[in-house]
Amino acid sequence: MSSQYVAGASPGSYVDGVRVEDVERLTFASDSFDICTSTEVFEHVTDDRRAFREVLRVLKPGGTLVFSVPIDLDADTVERAHVVDGRVVHLATPEYHRDPASRHAPILAFRNYGRDIVDRLVDAGFSSGDIVHPSEGPWFGFRRPVIVAAK
């Protein structure tokens, strides 16, 4: 099953045949999945720790989260923005990423991840995490590390 966030659509509904979910408030029952995957999403989530806890909740015991995000392994995570009283407060120059999976405008990046991402996952409740580096050449022009976390 795949899903995508669609602003204004109700989580659990379908838009153009795609299930709508908000990773900070998933509609799935606890202990539903053996594995959850995500590609280039968590940097756009207002509260990534809440999102990590939600994914942890829907994973079965022993389940795995596998995901990619833009990451700088030579630095720690930098928070670029947060929300206060429903308003986005920028802590750095706004950075937007294109979303090739939708027709929507570019999406604000709330953070730039760094080498401390595994600590963030463990703080959210995962038992372990690892940054896995691809062993083969670029895939469609990309060679981004993949993060793997265990419940």
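Contact means heavy atoms within 4.5 Å. Buried means under 20% relative accessible area, with a 1.4 Å probe and protein chains only. Helices (H or I, at least four residues) and strands (E, at least two) are DSSP runs, numbered from the N terminus. The model is predicted: local features need pLDDT of at least 70, side-chain atom pairs count only at pLDDT 80 or more, and totals for chains, interfaces and linings use all residues. Residues are numbered from 1 along each chain as its sequence is written, and side-chain values use heavy atoms, leaving out hydrogens and water.

Helix 1 spans residues 48-58. Its buried residues are D48, A51, F52, E54, V55, L56 and V58. Their cover includes strand 4 (33-39), strand 5 (59-68), strand 12 (111-114) and helix 2 (117-123). At the start of helix 1, a side-chain oxygen of D47 comes to within 3.3 Å of the backbone nitrogen of R49.

Residues up to four places away in sequence aside, F126 touches F52, V55, L56, L59, L65, L121, A149, A150 and K151.

An open sheet of three strands has the order 1-3-2, with mixed pairing. Two strands pair if DSSP finds at least two bridges between them. Strand 1 (3-4) and strand 2 (14-15) are the edge strands, each pairing on one side only. Strand 2 runs antiparallel to strand 3 (residues 18-20), joined by two bridges. Here V15 stands opposite V18 of strand 3.

Note on methods: Buried means under 20% relative accessible area, exposed over 50%, partly exposed in between (1.4 Å probe, protein chains only). A polar contact is a pair of N or O atoms within 3.5 Å; within protein, one must be able to donate a hydrogen and the other to accept it, and residues adjacent in sequence count only if both atoms are side-chain atoms.
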